[in-house]
Amino acid sequence: MPDYQKLYTLLFNACTDAVEALEQMNFGAAKVVLIRAQQQAEEQYISAGGAVAPAAEAETA
């Protein structure tokens, strides 16, 4: 079962870092921070046994 508190913390910290980058007008860094956090959260969720929707279902959702 995925550890949602760990995933929340990962994403929350990334949002905080992204906001700091935005305040410095560093839009590229903010984008990178958010993309990396999303990828890390997805990897952790899947590796912890989280459900993965088939591609066909994901496109219609």
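**A loop residue and its nonpolar neighbours**

Met 25 lies in the loop between H1 and helix H2 (27-47). This is a predicted model.

Is Met 25 buried or exposed? Met 25 is exposed, because its relative accessible area is 61%, and exposed means over 50%.

Now step back to helix H1. This helix covers residues 4-23, and Leu 22 belongs to it. Leu 22 has a relative accessible area of 40%. That value falls between the 20% and 50% cut-offs, so Leu 22 counts as partly exposed.

Which residues form a nonpolar patch on the surface? They are Leu 22, Met 25 and Phe 27. Together they have about 340 Å² of accessible area. Residues in a patch need over 30% relative accessible area. Leu 22, at 40%, therefore qualifies, and so does Met 25, at 61%.

Finally, view the whole chain. How many helices and strands does the chain have? There are three helices and zero strands. Along the sequence the pattern reads α-α-α. The chain has 61 residues, and 15% of them are buried.

Note on methods
Residues numbered from 1 in each chain as written. Predicted model: local features only at pLDDT ≥ 70, side-chain atom pairs only at ≥ 80, totals over all residues. Heavy atoms only, no water. Patch = residues over 30% accessible without salt bridge, like charges linked within 9 Å, V, L, I, M, F, W, Y side chains within 5 Å. Areas by Shrake-Rupley, 256 points an atom, 1.4 Å probe, with all protein chains shown as cover. Salt bridge = Lys/Arg side-chain N within 4 Å of Asp/Glu carboxyl O. Helix = DSSP H or I, 4+ residues; strand = E, 2+ residues; numbered from the N terminus. Buried < 20%, exposed > 50% of the residue type's maximum accessible area, 1.4 Å probe, protein only.
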